[in-house]
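Thanks for coming. I will go through a few contacts in this structure, one group at a time, and you can follow along on the screen.

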Amino acid sequence: MGPLMGNTKDAMESESVYTKQQRIAKLAVLHPGVSFTSLAYYVDFEWLREAYRRTRKDAAAGVDGMTATEYEVGLDDRLSDLLERFKSGTYKAPPVRRVYIPKDEKGKEKRPIGIPTLEDKILQRAVLMLLEPLYETEFSNGSYGFRPGRSPHQALTALREAIRDMRGGRWMLEIDISKFFDTMKHEHLLAMLKRRVCDGVVVRMIGKWLKAGVMEGATVHFPEEGSPQGGVISPLLSNIYLHEVLDAWFEREIQPRLNGAAKLIRFADDAVLAFESKHDAERVHSVLPKRFAKYGLKLHPEKTRLLPFGKPGTSVESPGTFDFLGLTHYWGKARKGYWVIMRKTSKKRLKRAIIRVNQWCQRNRHEPLKEQWKTLCAKLRGHYQYYGVLCNYRSLSNFLEEVKWSWRKWLGWRSCGKEMCWERFAKLLKGYPLPTPRICHSGV
């Protein structure tokens, strides 16, 4: 039997931890529907050591201000003490430190992010390593977010293939959940968890994290619902929640009742449904709000929408466009004249990326030129690495030109109080060339 939970062995130094994870995954396959009562005993000192190794050391500090450098002083003693408190149930989950990051390009909407303490991140990582192999055997094939060996580009490929394989008129149902991470009901989440995990140590620990509280400034408050974005364990908990609310329900209750083919693709709380039949799409669209409301969730009335997406000429309705994972999907003609599904960077994402680069250039205009160049090269390569899909070369080129414009503008303002002329900037680019656009995902 091969690996049951993706290619995680290469990411681990500990053979023992990997072997234990494979055993958990194998037991989960052999005993579907069974709730496991003995999981915490897998967590030992070596397990925590591996969890510490996989925890980011350069992330922001939590409420205690502890850094990785400080924590490494007496590391073995700290981990041994953490292990004892975890297993005895005396560990007290500290509040997360809340910060806000811009959600839109104008900065009017902000997304709350919770920053746990370093020690809390280590323990969350250890529990994540424990539960991941169990739930990887449970989650649907259409779920791609925050799972080992899965990526946004795999989700995009699966979506394209699902649409391509459907006949006749195709219909897309975009799903947008309003404030999902802030509105998950604790009682529902814990009930879902206990269907597969009845280990008291693990369940109580997750309950402590859900009720740990949030610190904003000097004030700590205790939300009665939701899970802070930014926690190591939060993505898995969100997948457990949406697996029950959407994925399993769609496969178990909805698909057998449909007249035509249908496919669900989900990445975290971002999901789309593709339908062969308009009637099927309308029926599901009508029942979705009730289904989500049952679990305390609300669909955004404007962003959750049904639209035609049939190949031009094959249906009465003209195909629309929709956004998924930062890319706008639309029908276009290939060079040989036939219709294909194309993708380009969504206007919202492109505008946000341009604004962030411009702000960075403004803040760092007095840094050494070589350091600015290195960072801008890294930003461009990262942009190409994600958005470099077929048919998106023009958007990549537009982003490069905007980066050049911002860099030229702020380099000029740092020296002479006005924008640098293009002739001078062109000479500068010969010594500090910026990476040119490239398609990194030709099969997506």
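Lys20 is buried in this predicted model, and its relative accessible area is 18%. The cut-off for buried is under 20%, so Lys20 falls on the buried side of that definition. What does Lys20 form with Asp44? The two form a salt bridge, with the closest N and O atoms 2.6 Å apart. Lys20 sits in helix α1, residues 15-30, while Asp44 is in the loop between α1 and α2, so the bridge ties together parts that are 24 residues apart in sequence. Asp44 itself counts as partly exposed, at 26% relative accessibility.

That bridge belongs to a longer list. A search of the whole structure finds 20 salt bridges. I will take two others.

The next one is between Arg98 and Glu216, whose side chains meet at 4.0 Å, N to O. Which elements does this pair come from? Arg98 is in strand β1, residues 96-102, and Glu216 is in strand β4, residues 214-216, so parts that are 118 residues apart in sequence are tied together. Arg98 is buried, with a relative accessible area of 18%. Glu216 counts as partly exposed, at 28%.

Then there is Glu244 with Arg195, a salt bridge of 3.1 Å, N to O. This pair links distant parts of the chain, 49 residues apart. Glu244 belongs to helix α10, residues 234-254, and Arg195 to the loop between α8 and α9. Buried or exposed: where does Glu244 fall? Glu244 is buried, at 15% relative accessible area, whereas Arg195 counts as partly exposed, at 45%. Through salt bridges that share partners, Arg195, Glu244, Arg252, Glu253 and Arg257 are joined into one network.

Now the aromatic side chains. How many aromatic pairs are there? The count comes to 12. One of them is Tyr52 with Tyr71, which are stacked, with 6.2 Å from centre to centre and 25° between the planes. Tyr52 lies in helix α2, residues 45-53, and Tyr71 in helix α3, residues 68-71, so this pair ties together parts that are 19 residues apart in sequence. Tyr52 counts as buried at 5% relative accessibility, and Tyr71 is buried at 2%.

A second stacked pair is Tyr135 and Phe139, at 5.7 Å centre to centre, with 25° between the planes. Tyr135 counts as buried, at 4% relative accessibility. Phe139 counts as buried too, at 7%. Elsewhere, Phe180, Phe181 and Tyr241 form one aromatic cluster.

Back to Tyr52 for a moment. What lies over the face of Tyr52? That residue is Lys57, at 4.5 Å from the ring centre.

Next, a hairpin. Strand β6, residues 262-267, is mostly covered, with 5 of its 6 residues buried. Strand β6 pairs with strand β7, residues 270-275, in the antiparallel sense, over 6 bridges. Within that pairing, Ile265 stands opposite Val272 in β7. The hairpin has 2 residues between the strands, and Ala268 takes a positive phi near 60° there. As background, in a regular strand the side chains alternate between the two faces of the sheet.

One contact is there for its sequence separation. Ser178 lies in the loop between β3, residues 171-176, and α7, residues 180-183. How many residues separate Ser178 from Lys298 in sequence? The answer is 120, yet their C-alpha atoms are 5.7 Å apart in space. Ser178 is partly exposed, with a relative accessible area of 21%.

Last, the surface. Leu390, Tyr393 and Ile439 make a nonpolar surface patch of about 250 Å². Tyr393 lies in helix α14, residues 393-415. Tyr393 is partly exposed, with a relative accessible area of 44%. A patch residue needs over 30% relative accessible area, so Tyr393 clears that cut-off.

That is the set I wanted to show.

Note on methods. Residues are numbered from 1 along each chain as its sequence is written. This is a predicted model: local features need pLDDT of at least 70, side-chain atom pairs count only at pLDDT 80 or more; totals for chains, interfaces and linings use all residues. Side-chain values use heavy atoms; hydrogens and water are left out. Patches are made of residues with over 30% relative accessible area and no salt bridge: like charges are joined within 9 Å, nonpolar side chains (Val, Leu, Ile, Met, Phe, Trp, Tyr) within 5 Å. Accessible areas come from the Shrake-Rupley method with a 1.4 Å probe; for residues, only the protein chains shown count as cover. Helices (H or I, at least four residues) and strands (E, at least two) are DSSP runs, numbered from the N terminus. Buried means under 20% relative accessible area, exposed over 50%, partly exposed in between (1.4 Å probe, protein chains only). Rings of Phe, Tyr and Trp (its six-membered ring) pair if their centres lie within 6.5 Å; planes under 30 degrees apart count as stacked, over 60 as edge-to-face and the rest as tilted. A charge sits over a ring if NZ of Lys or CZ of Arg is within 6 Å of the ring centre and within 35 degrees of the ring normal. Two strands pair if DSSP finds at least two bridges between them.
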